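Please open the model in a viewer and keep the sequence panel beside it.

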Amino acid sequence: MSDVVTMDDLSNEEILSILDDSERLVAVARGDVHLPLLEGKVLANMFYENSTRTRMSFESAMKRLGGSVLNFSSIGTSVAKGETLFDTMQMVEGYADIAVIRHPQQGAAQYSADAINIPILNAGDGAGNHPTQTMLDLFTIREAHGTLEGLNVVLVGDLRYGRTVHSLSHALTRFGAELTLVSPKTLMMPDEIVNDLRSTGATISESTDLIAAIPDADVIYMTRIQKERFPDEDEYAKVAGIYMLDAKDMGGAKEGMIVMHPLPRVSELHPSLDSTVNARYFQQAFNGVPTRMALLCRSLGVKIPKEVKK
Amino acid sequence: MSEMRRVTAICNGTVIDHIPAGRALQVIKMLRIDTNRSNPVSLVMNVPSDKMGRKDLLKIEDLELNQEELDRLALISPNASVAIIRNYGVAEKRVVELAEELVNVARCTFSNCITQNPREPLPQKLVLYSRDPIEVRCYYCGKRQDLDDIIDNLI
């Protein structure tokens, strides 16, 4: 089956091949080349949680490749009347060729993938997995450094609830990256994930000090402290705004170091950073389009030409 | 005194031998024969064993363990010997084997797992991650459970 629910659904060779495909699709993603590989295909965008970039970049990817999109939101639909996810997915199977799902409950994407026969791409399930974000993150890192191997990647912020960093840390260690985990004590990466990563032989260090981690970093991956994941507002207030980067902090960085962020940002990236050579987060958001194009094609069994020309 | 003389032979049922010493009560719980059942059960704990040093033993009357029950038993006692007794004789020996997947044996307790939604028609599915010590993970959300958790969360 061509579902992508977790990064474990993709081998290292497949990941690299999807990144190569994505690279060839950049001109299509920008609208410079017309390549209707998915003409006649229909994507169902099933969003049970808010999303801006993920939903729009999937929609852009599908439309740039000539396909069409059915957008679904759980508000004002039969879900509000109590329809189960199972029933909703049965309906989607009849309406679309492929479905993207984001859901607040962990495991919802796997459940959907088992429930129906069209391919499912997981666009985030609770604090679980977000593999298409990981693919665009890997693409952005490789684009900047030419490789994924041997890099020192500093993951910063909410490492406890952030699904993006969970998926990404697993993928990076598969390619031999060294991780530095920077977070407040209350938002540290769960022990079970750190132990899993270490059991693969990965080098991982943990710290609460972001500034000290800058000089050795090849990538600084900032994340938002997610208010919606906190059961208690006081607990959120204690850690909100704890890590911030601005242009001045880039003085001590290695040449070529990039700053990434899955966005939206709150206060963790000062606007002064936007014009530095290090800022890569808007490019990263764009990269969602070619990588999701490549993933849609893979799941639909559509080959991407070896050369994509105007 | 030989262990077999500690309790009388049973006419029909199941004898589970070579349970690790002290684990028989957990086996009873795991097999759900501790509640709402009328089968007589004889339990022998901490008896000497050539193979194991000490062991526990259970004799359950008028119940032949099925495969699903053997899968449950395997979690606690993967090396147990199971004999089906009919008319005071061993009619069959059954093999206990730890399954790679446990379906509807124990529930996932992660509050945000899709399995917590009672209206969704899906089984509780745990996947074996480590045999020694036992560790399983929810097929859907990945939440881990050790043996004590599984016993606490039995369905």
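Begin by selecting A:Val33, which lies in the loop between helix H2 (26-29) and strand S1 (42-47) of chain A. Helices (H or I, at least four residues) and strands (E, at least two) are DSSP runs, numbered from the N terminus. This is a predicted model, in which local features need pLDDT of at least 70 and side-chain atom pairs count only at pLDDT 80 or more, while totals for chains, interfaces and linings use all residues. Residues are numbered from 1 along each chain as its sequence is written, and chains are lettered from A and ligands numbered from 1 in the order in which they are written.

Is A:Val33 buried, exposed or partly exposed? A:Val33 counts as partly exposed because it has 15 C-beta neighbours inside 10 Å. By this count a residue is buried if 20 or more other C-beta atoms lie within 10 Å of its own, exposed if 12 or fewer, and partly exposed in between, with C-beta atoms placed from the backbone. Two residues are in contact if their C-beta atoms, placed from the backbone, lie within 7 Å. A distance to A:Ala61 may also be drawn: this residue is 28 residues from A:Val33 in sequence and 13 Å from it in space, C-alpha to C-alpha.

**The sheet of chain A**

Next, select strands S2, S1, S3 and S4 of chain A, which form an open sheet in that order with parallel pairing. Strand S2 (68-73) and S4 of chain A stand at the edges with a single partner strand each, so one side of each has no neighbour in the sheet. From one strand to the next, the twist averages 15°. Strands pair if DSSP finds at least two bridges between them. Strand S3 (residues 98-103) of chain A and S4(A) run parallel and are joined by four bridges. To see one bridge pair, select A:Ala99, whose partner in S4(A) is A:Ile120.

**The two domains of chain A**

Colour chain A by its domain assignment: domain 1 (7-129 + 286-299) and domain 2 (131-284). Such bounds come from an automatic or database domain assignment. The centres of domain 1 and domain 2 of chain A, taken over C-alpha atoms, are separated by 24 Å. Between them, 20 residues of domain 1 of chain A are in contact with 21 residues of domain 2 of chain A. On the domain 1 side, helix H1 (12-24), strand S4 (120-125) and helix H11 (281-299) of chain A each supply at least two residues. H11(A) gives the most to that side, with six residues.

Axes are lines fitted to C-alpha atoms, for helices over the stretch in contact, and angles run from 0 to 180 degrees between N-to-C directions. Among the residues making this contact are A:Met135 and A:Phe139 of H6(A) and A:Asn287 and A:Leu295 of H11(A). The residues of the contact of H6(A) with H11(A) divide into four nonpolar, seven polar and two charged. Here Ala, Val, Leu, Ile, Met, Phe, Trp, Tyr, Cys and Pro count as nonpolar, Asp, Glu, Lys and Arg as charged, and the others, Gly among them, as polar.

**Across to chain B**

Show both chains: the contact takes 12 residues from chain A and 16 residues from chain B. The chain B side of this contact has nine nonpolar, four polar and three charged residues.

Chain B is assigned domain 1 (3-94) and domain 2 (101-152), and the C-alpha centres of these two domains of chain B lie 25 Å apart. Seven residues from domain 1 of chain B and six residues from domain 2 of chain B make up their contact. On the domain 1 side, helix H1 (24-30) and helix H2 (67-76) of chain B are the elements that give two or more residues, and H2(B) gives the most, with four residues.

Finally, select the open sheet of chain B, whose four strands follow the order S6-S7-S8-S9 with antiparallel pairing. Its edge strands are strand S6 (101-103) and strand S9 (144-146) of chain B. The twist averages 30° from one strand to the next. Within the sheet, strand S7 (residues 125-131) and strand S8 (residues 134-138) of chain B pair over five bridges. The tour ends at B:Leu126, whose bridge partner in S8(B) is B:Cys138.
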